[in-house]
Amino acid sequence: MTEEIKTALQFLSQPEKKEFFPRFFKSGPGEYAEVDEFIGVTVPDQRKIAKAYFQKISLKELSVLLSLKIHEHRHCALLMLVSKYEKSKSEEEKHEIVDFYLQHLEYINNWDLVDNSCYKILGRHSFEHDDDSILRNLSVSENLWQKRMAIVATLWHVKKGSFQLTQELVLQNLKHTHDLMHKANGWLLREMGNKNEEILLGFLNKHYREMPRTTLRYAIEKLNEALRQDYLKGRIYGVV
């Protein structure tokens, strides 16, 4: 099955994408995805393959696909894993998929792999079982991708109108040195504001002065321009 999927992906490879992706995903020497290799398959094409195969492929076969060096192989494997989780009607199977995900964290090692899978599996599991321990444990990891996983997974909570965990984990890694964490934190704050602007403003009023500039810019992106400028220029002092 894995060989069949690899062949299907290779058939959809585009030379110009194969050349572009290493730059886009920062896989050059010394960059954060240095070990990644690409064959040039777009995400829409990967989704077509995932839709065709997710019901047929076993977790054992997914493990093989997810451990390969080719970025698109790993991403397609995660898309299939998400579909398996979403379509499962068995709590036992869902727990098995969560365990599988956690056992393969080392291979979920770029921002798109994290962002397109973690909230739909770990975030949903955490919210529906009222157990945030997995996300809290990931948030204190020394691994960049696991930290990003923790905050992005709270997107499921935000979509369901629950904001406390997002605020907690943003604060926990607010001063992280990597730009990918600054962006993730700002993105989740912005999503929180899309659901409840009052809560976002309350959070910003307490913490915006200590935020990395990228986090702040992401967080305030959807606010009206006058208020955005007040935050950017440090003119907010009281409670809005």
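Which exposed residues does the face of α1 turned away from its buried side carry? In this predicted model, that face of α1 carries Glu3, Thr7 and Phe11.

**Helix α1**
- Helix α1 spans residues 2-11, and its buried residues are Thr2, Ile5, Ala8 and Leu9.
- These four lie on the same side of α1 because they cover an arc of only 125° around the axis.
- An α-helix has 3.6 residues a turn, so residues three or four places apart point the same way.
- The cover over the buried residues of α1 includes α3 (43-53), α4 (59-66) and α5.
- Phe11, although an aromatic residue by name, is among the exposed residues on the face turned away from the buried side.

**Largest nonpolar core**
- The largest nonpolar core has 73 residues, and those touching the most other members are Met80, Tyr101, Ile121, Met149, Leu204 and Tyr231.
- Helix α5 (residues 71-87) is the element that gives the most to this core, contributing eight residues.
- Both domain 1 (1-110) and domain 2 (117-239) supply at least three residues to this core.
- In soluble globular proteins, nonpolar side chains tend to be buried together.

**Helix α12**
- Glutamine 167, found in helix α12, counts as buried because its relative accessibility is 16%, under the 20% cut-off.
- Leaving aside residues up to four places away in sequence, glutamine 167 touches Met192, Ile199 and Phe203.

**Salt bridges**
- Arginine 148 pairs with aspartate 115 in a salt bridge whose closest N and O atoms are 2.6 Å apart.
- This pair links distant parts of the chain, with arginine 148 in helix α10 and aspartate 115 in helix α7 (residues 111-115), 33 residues apart.
- Arginine 148 and aspartate 115 are both buried.
- Glutamate 168 forms a salt bridge with arginine 136, and their closest N and O atoms are 2.7 Å apart.
- Since glutamate 168 lies in helix α12 and arginine 136 in helix α9, the pair ties together parts that are 32 residues apart in sequence.
- Glutamate 168 is partly exposed, at a relative accessible area of 26%, and arginine 136 is partly exposed at 35% relative accessibility.
- A salt bridge also joins aspartate 230 and arginine 235, with the closest N and O atoms 2.8 Å apart.
- Aspartate 230 counts as partly exposed at 22% relative accessibility, and arginine 235 is partly exposed with a relative accessible area of 43%.

**Positive phi in loops**
- Most residues other than glycine have a negative phi.
- Lysine 26 is not a glycine, yet has a positive phi of about 55°.
- Lysine 26 sits in the loop between α2 (15-24) and α3 and is partly exposed, with a relative accessible area of 34%.
- Aspartate 130, also not a glycine, has a positive phi of about 50°.
- Aspartate 130 sits in the loop between α8 (118-128) and α9 and is exposed, with a relative accessible area of 71%.

Note on methods. Residues numbered from 1 in each chain as written. Predicted model: local features only at pLDDT ≥ 70, side-chain atom pairs only at ≥ 80, totals over all residues. Heavy atoms only, no water. Core = buried A, V, L, I, M, F, W, Y, C linked by side-chain atoms within 4.5 Å. Buried < 20%, exposed > 50% of the residue type's maximum accessible area, 1.4 Å probe, protein only. Helix = DSSP H or I, 4+ residues; strand = E, 2+ residues; numbered from the N terminus. Domains from an automatic or database assignment. Arc of directions from axis to C-beta. Contact = heavy atoms within 4.5 Å. Salt bridge = Lys/Arg side-chain N within 4 Å of Asp/Glu carboxyl O.
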